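Please read these points alongside the model.

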Amino acid sequence: MCRVLNVHFGGFYAWLHNPESPQAKANRRLVGLIKQAWLESDGVYGYRNITLDFKDLGEKCSKNRVYRLMRTEGIRAQRG
């Protein structure tokens with residue numbers, strides 16, 4: 001199968017034993033925190049305010065990362 005897909009054997013077995021990267025695990029945890037903060041604000045907070053809340057809590061992440069995660073999850077601030 002590795003020959004057909006043109007994938008190295010070592011890369012396949014590394015993926016098989018550890019399929020999720022540490023960055024992906026951290027992103028999944030951050031998405032949970034983002035959803036919680038967004039729900040606590042009744043959907044009013046956007047990525048800027050959520051980033052400020054994270055900085056107050058001591059969570060290290062940039063506003064661009066929060067923006068990207070919110071966009072991929074379909075979380076948007078309600079306006080008006």
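**Notes on helix packing and an aromatic cluster**

1. Helices α3 and α5 are roughly perpendicular to each other, because their angle falls in the 65 to 115 degree class. This is a predicted model: local features need pLDDT of at least 70, side-chain atom pairs count only at pLDDT 80 or more, and totals for chains, interfaces and linings use all residues. Residues are numbered from 1 along each chain as its sequence is written, and side-chain values use heavy atoms, without hydrogens and water.

2. The angle between α3 (residues 22–40) and α5 (residues 63–73) is about 80 degrees, and the axes lie 10 Å apart. Axes are lines fitted to C-alpha atoms, for helices over the stretch in contact; angles run from 0 to 180 degrees between N-to-C directions. Helices are DSSP runs (H or I, at least four residues), numbered from the N terminus.

3. On the α3 side, the contact (heavy atoms within 4.5 Å) uses Gln23, Ala26, Asn27, Leu30, Val31, Ile34 and Lys35. Arg65, Val66, Arg68, Leu69, Met70 and Glu73 face them from α5. The contact residues divide into 7 nonpolar, 2 polar and 4 charged.

4. Phe12 sits in helix α2 (residues 9–17). Leaving out residues up to four places away in sequence, Phe12 touches Met1, Cys2 and Val7.

5. Phe12, Tyr13 and Trp15 form one aromatic cluster. Rings of Phe, Tyr and Trp (its six-membered ring) pair if their centres lie within 6.5 Å; planes under 30 degrees apart are stacked, over 60 edge-to-face, the rest tilted. The count is 3 aromatic pairs. Phe12 and Trp15 have ring centres 6.1 Å apart and planes at 35 degrees, so this pair is tilted.

Definitions and conventions. Helix = DSSP H or I, 4+ residues; strand = E, 2+ residues; numbered from the N terminus. Parallel < 35°, antiparallel > 145°, perpendicular 65-115°, else oblique. Nonpolar A, V, L, I, M, F, W, Y, C, P; charged D, E, K, R; others polar.
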